Amino acid sequence: MPTPNLRALVGTPKTKIGTFLFEFTTPGIGQILKAAGADFAVLDMEHTGFGFDTVRSVVRYLQAADLPLVVRVPSQSRHHISRALDTGADGVMVPIVSSVEQAKAVLEAAKYWPDGTRGVALGLAHERFAMRTEPLLPRFAEQNARTAIILQVEDPRGAAAADEIASMPGVDMLWLGHNDLSVALGEPGAFDHPDFAQAEQATIAAAKKHGKSAGRLAVDARQGAEFARMGYDFVSIAGDVWLLQQAFAAGIETVRRG
């Protein structure tokens, strides 16, 4: 099984730092991030056009580096969730989860019996293609125990339901979708608006109350440190595109200043 286990990091006080992969899915990406000190990475299917062939490859690259990989699936569709997990991903991040009912549907798709109704096809990528002869039930339990479920809070309904959602067994993390939340509140980009702050604080508090994790994407390391002080224990420092642009722009400025 992948090591270190992503679920073992959930709810722990240490700040876990990673980044999103929106563009760079080359064979070395896992080892590059691991060498930099990353604790996890998120491969984004929602905003990229990446298909499952790309997911399958990137899962292998991250496994080679022993770095946990989360796949942000493009929807709450059952086949998106279960297929991402069947590739061997350590967890899924699911967008716009706004109710307990939606959270239950995600868990149904992600977990094997008796915790859910995920379709059964063992001995494949999520079991590292191992030739195993154990009964089904302990293998179900093993997969259920290693699969992290991250639900995105991206609208006022999700924030209002955050406490109840976070209390559900199997839900490991609430991830604030800050841009979509601000739009849903009618104040695009107004992250200092009282309504946004209230929804954000409710989300963090719900995660902490139930021993779960809270996550958010930061535009840079400085903002990431601010989010850690606010109570987020999973922080993404931007994404691969912006990290490259930021570093290169800073280098260009340094050289031109002489």
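Trainee: Is the crossing of H3 and H4 left-handed or right-handed?

Mentor: In this predicted model, H3 and H4 make a right-handed crossing. The label applies because the near helix is turned clockwise from the far one by less than a right angle.

Trainee: What makes H3 and H4 a contact, and which residues meet?

Mentor: Heavy atoms within 4.5 Å are what count as contact. On the H3 side you have Arg 78, Ile 81, Ser 82 and Leu 85, and they meet Val 106, Glu 108, Ala 109 and Ala 110 of H4. Sorted by class, that contact holds 5 nonpolar, 1 polar and 2 charged residues. As for the axes themselves, those of H3 and H4 come within 8 Å.

Trainee: What about H1 and H2: why are they called oblique?

Mentor: H1 (residues 29-36) and H2 (residues 52-64) have axes that come within 7 Å and cross at roughly 40 degrees. An angle under 35 would be roughly parallel and 65 to 115 roughly perpendicular, so H1 and H2 end up oblique. Their crossing is right-handed. Ile 29, Gly 30 and Gln 31 from H1 meet Tyr 61, Leu 62 and Ala 64 from H2. That contact splits into 4 nonpolar and 2 polar residues, with no charged ones.

Trainee: Now the strands. How do you know that S5 is largely enclosed by the rest of the structure?

Mentor: Count the buried residues, where buried means under 20% relative accessible area. In S5 (residues 148-153), 6 of the 6 residues pass, so the strand is largely enclosed.

Trainee: Which residues cover each face of S5?

Mentor: Ala 148, Ile 150 and Gln 152 are buried on one side, and Ile 149, Leu 151 and Val 153 are buried on the other. In a regular strand, side chains alternate between the two faces of the sheet.

Trainee: What makes S4 and S5 a pair?

Mentor: Pairing takes at least two bridges. S4 (residues 91-94) is joined to S5 by 4 bridges, and the two run parallel, so they qualify as a pair. Gly 91 stands opposite Ala 148 of S5.

Trainee: And how many bridges join S5 to S6?

Mentor: There are 4 bridges between S5 and S6 (residues 173-176), and these strands run parallel. Here Val 153 stands opposite Leu 176 in S6.

Methods. Residues numbered from 1 in each chain as written. Predicted model: local features only at pLDDT ≥ 70, side-chain atom pairs only at ≥ 80, totals over all residues. Heavy atoms only, no water. Axes fitted to C-alpha atoms, helices over the stretch in contact; angles between N-to-C directions. Nonpolar A, V, L, I, M, F, W, Y, C, P; charged D, E, K, R; others polar. Buried < 20%, exposed > 50% of the residue type's maximum accessible area, 1.4 Å probe, protein only. Parallel < 35°, antiparallel > 145°, perpendicular 65-115°, else oblique.
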